[in-house]
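Subject: Structure handover

Hello,

Here is the structure that you will be working with. Please have it open while you read the notes below.

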Amino acid sequence: MTPLQHLRAAVEDASAALRGDGAAAGGAPTVERPRRDGFGDYSTNAAMLLAPAVGRPPREIAERLGDALRESLGGALERYEVAGPGFLNLFLADGWFADALAHVLAAGDAFGSGGASAPERILVEFVSANPTGPVVAASGRHAAYGDALARILGFHGHEVAREYYLNDAGSQVRKLGESVRARARGEEVPEGGYEGDYVIELAREIPDAADGDPDELASIAVGLMYERIKATLERYGVTYDRFFSERSLYDGEPSPVQRAQAQLDRLGHTYRHDGALWLRTTTFGDDKDRVLERSNGEPTYFASDVAYLESKRDRGFTRQLNVFGADHHGYVARLKAAMEALGGDPETLEILIMRLVHFVEGGEREKMSKRRGVFTTLDELIDELGVDATRFFMLQRSHDTSLDLDLDLARKQSSENPVYYVQYAHARIASMLERAGEQVVADALAAAEAGTTGRREPLDPAERTLTKKLLAFPAEVGEAADKRAPHRLTAYALELAQDFTAFYRDCRVLGAEGEGVEAHRIALSVATKRTIARALGLLGVSAPDEMAREHDA
RNA sequence: GCGCCCGUAGCUCAGUGGAUAGAGCGCUUGCCUCCGGAGCAAGAGGUCGCAGGUUCGAAUCCUGCCGGGCGCGCCA
């Protein structure tokens, strides 16, 4: 149990005792850091929730809760105050902070992990851009988001697999083949074809492309693009358990697509109309029914989407997360309907819509676009900003709000740039620990973990603030996981770095006066270093032990 | 027209029931004998789109309106 969980349990126990049985719960009380330091280290609204059931004024109840906590927490509770409409503000003793730090140190690398109350088998599908061109810069947001989300969910205690759905079938792929052949012949690409320069490169790379069969060329070109996409993403720190081939859904007899359709037939959710095969998605809340197979016998993309959905269920995933672009939000209703039609629970299919990325430079906003082959690739963006800055900036905002990426700021190698600010704090700690020496650090850690530093000096406010920020980490991970919100950890990393910087400013660490003070502060610094590294790691951002000392440009 | 998302400081955005609403950037003013100045501090700056409602308490929940984005093919 973490220190905060212990505190919460004490509040809940006191609450339950006051309420007696029978009375309604009125919701779980909060135990949170109040906005202002004057309101205590932690604050609870338990008394206000209890008031209706107990039938006494909230402030009176708060007093009684405070008394009860003084009993149960003993010396850990320095004092309490009743404030405002009935808040109970808890001021904790230095000993509580020392114990809390010991807990963080004892947890080691596992600190903050495993908080999932109901572990699930989750498949995260993300990026899944068509293999008809390079990964564009804007896809860097999808990649960073899906990857960070997968890391966070895994750390939180879920079993996570990650997939890229490779659209290697269908008319877009054929168009790529036709475009390659046209370029090989020195011609313009056909109407609606791909105009990017990479098509010319493909034409050069593929032998005898000028005389090739478009389908065959398409297949080869898609293979080459797939390699490039994979390489770009790997460079970005993004790997997959599987690139799931759409074409494979048509392999075999019966194929997965046929099997899914057969199941839908059997359940009575399909019908023929105007020669096409329809899925009655309106039964499950969609606006209109959707075609699975066109009247010409060709399957729609929806047909393979449904089969893919079913494949994920077959493979035992209890939850599917799909990261889609904003232009795909119209598919949410039909996919959820398909899920339900197949006999699944639509609640277990979550479609996370990523809003657009705009790149801002010199105050000008430019939406990168793939049209007419004029685009900036993710590779070019990484060349420009580096992996760390690119990922950090892409992860600063909630997925459902559009993102303005300030290229000028992201390029800066100074503390104005948040990613450097966080990394700098980490490097600074590393440098300090290096100076302290291995043995001193090891001794300090052992003493802090065992509670034997012998420190009697009162804690500095900055030490309390920093410790509380560390203690908040497990809950932050939980929020980031449950709300599919990696950006919370981006903010957390920045806040933690800020609190460390304030601590470093106010509290001398090495050579600090007073018995056990240096040891305690070294231990606190180590815990901070580990937590910064962990938070950044969950975002896919590196935590270097040293930053280049000189900066030019 | 219908559906989904968004509207919070000059800009970009956190914050989805708690107290006097936050951060980064930008702006203003300061700080280098000192564990990394690639740093630090202070300050100015907000009717939380508008109007009702629920609640002891609303940026947060409900309803309506206004503004913006996206989507509404037997396209991919």
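Residues are numbered from 1 along each chain as its sequence is written, chains are lettered from A and ligands numbered from 1 in the order in which they are written, and side-chain values use heavy atoms, with hydrogens and water left out.

Confidence. pLDDT is the predictor's confidence in each residue, from 0 to 100. Chain A has a mean pLDDT of 92, and 96% of its residues reach 70 or more. Over residues 368-374 pLDDT stays under 50, and the model has eight contacts for them beyond four places in sequence; contact means heavy atoms within 4.5 Å. Where pLDDT is low, the predicted coordinates should not be read in detail.

Domains. Chain A is assigned domain 1 (3-92) and domain 2 (418-539), with bounds from an automatic or database domain assignment. Their C-alpha centres are 29 Å apart. Eight residues of domain 1 are in contact with five residues of domain 2. Separately, an unreviewed UniProt entry lists residues 422-547 as "domain: DALR anticodon binding"; such annotations may be inferred rather than shown by experiment, and the positions are in the numbering used here, with feature names shortened. Residues 422-547 are 73% helix and 0% strand, and the end C-alpha atoms are 11 Å apart. Helices (H or I, at least four residues) and strands (E, at least two) are DSSP runs, numbered from the N terminus.

The largest pocket has a volume of about 1300 Å³. It has 42 lining residues, and the closest to its centre are S128, A129, G325, D327 and H328. A pocket is an open set of points on a 1 Å grid over the protein atoms alone, with protein on both sides within 12 Å along at least five of seven lines; lining residues have an atom within 4 Å of a point. Helix 10 gives the most to this lining, with six residues.

Cavity. A cavity is a set of grid points where a 1.4 Å probe fits but cannot get out. There is one cavity of 30 Å³ or more, where a volume is the space filled by probe spheres set on the points, joined across faces, edges and corners. The residues lining the largest cavity include R141, Y145, M354 and H487.

Regards

Key: This is a predicted model: local features need pLDDT of at least 70, side-chain atom pairs count only at pLDDT 80 or more; totals for chains, interfaces and linings use all residues.
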